[in-house]
Amino acid sequence: MKLVLASKNPKKLVELNEILSALGVEVCSEADAGVDVEVEETGSTFEENSLLKARAVMEASGLPAVADDSGLCVDALNGAPGVWSARYGGPGLDDTGRYRLLLENLRGQPRGAKFVSVVTCCFPNGDVITARGECPGTIAFAPMGEGGFGYDPVFFLPGLKKTFAQLSPEEKNAISHRGKALRAFAEKLAAYLKEKEV
Ligand code: IMP
């Protein structure tokens, strides 16, 4: 079976193919499927935004489509930046500017936080599969580590005494919100394909 990934990120395509090839599922890019879909992420939850993206690409391509939406939820900020993680502080900021702003806004505040990832797959027959992964942690007092992207240098794992940016990609994948969501999605997809005998 072929799935289209609703994303322009080639790294996500490789990651998803690594996990789903064992199921005999091939994931292709929007370009491979001959579509180029821009979706406004207008939802207020990760579930809504991943559904918006997957449904738009499924409708444009006529093929099952899968999308993920993720972000950082900070307890002291009532779950912000959440679905706004990529846009926190407005368009003038880059990844470093965003985590610096977060550190600034958290001065003197409790540090609890979690990363969340939701993966949604929409099928042309109307079926939808959704899987969620969460990774609990805290917000460090200063950035540490060079790896990863986004808020990784300030996302601290008390059990490992390291930030996400101090882990190898394999170590991060084993415990991350996205790794958990993708593995949960693969399990649900395998059960779905078995039921449908695809
Ligand atoms: P998305 O691509 O719309 O899901 O946006 C996710 C945003 O959340 C990214 O741009 C990052 O700011 C943040 N984010 C999600 N996952 C991670 C992660 O694993 N590390 C660091 N930042 C992340």
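This passage looks at the largest pocket of a predicted model and at the ligand in that pocket. Local features need pLDDT of at least 70 and side-chain atom pairs count only at pLDDT 80 or more, while totals for chains, interfaces and linings use all residues. Residues are numbered from 1 along each chain as its sequence is written, and side-chain values use heavy atoms, with hydrogens and water left out.

The largest pocket holds about 1300 Å³ of space. Here a pocket is an open set of points on a 1 Å grid over the protein atoms alone, where a 1.4 Å probe fits, with protein on both sides within 12 Å along at least five of seven lines; lining residues have an atom within 4 Å of a point. Grid points are joined across faces, edges and corners, and the volume is the space filled by probe spheres set on them. The lining runs to 44 residues, with N9, K12, S70, F149 and R178 nearest the centre. Its largest share, six residues, comes from α1 (helices are DSSP runs of H or I, at least four residues, and strands runs of E, at least two, numbered from the N terminus).

The ligand sits in this pocket, in that more than half of its atoms lie within 2 Å of the pocket's grid points. Around the ligand are 16 residues (a heavy atom within 4 Å), and β3 gives the most, three. As for polar contacts (N or O pairs within 3.5 Å), ligand oxygen atoms lie 2.9 Å from a polar backbone atom of S70 and 2.8 Å from a side-chain N or O atom of K172.

Methods: Polar contact = N/O pair within 3.5 Å; in protein donor to acceptor, adjacent residues only side chain to side chain.
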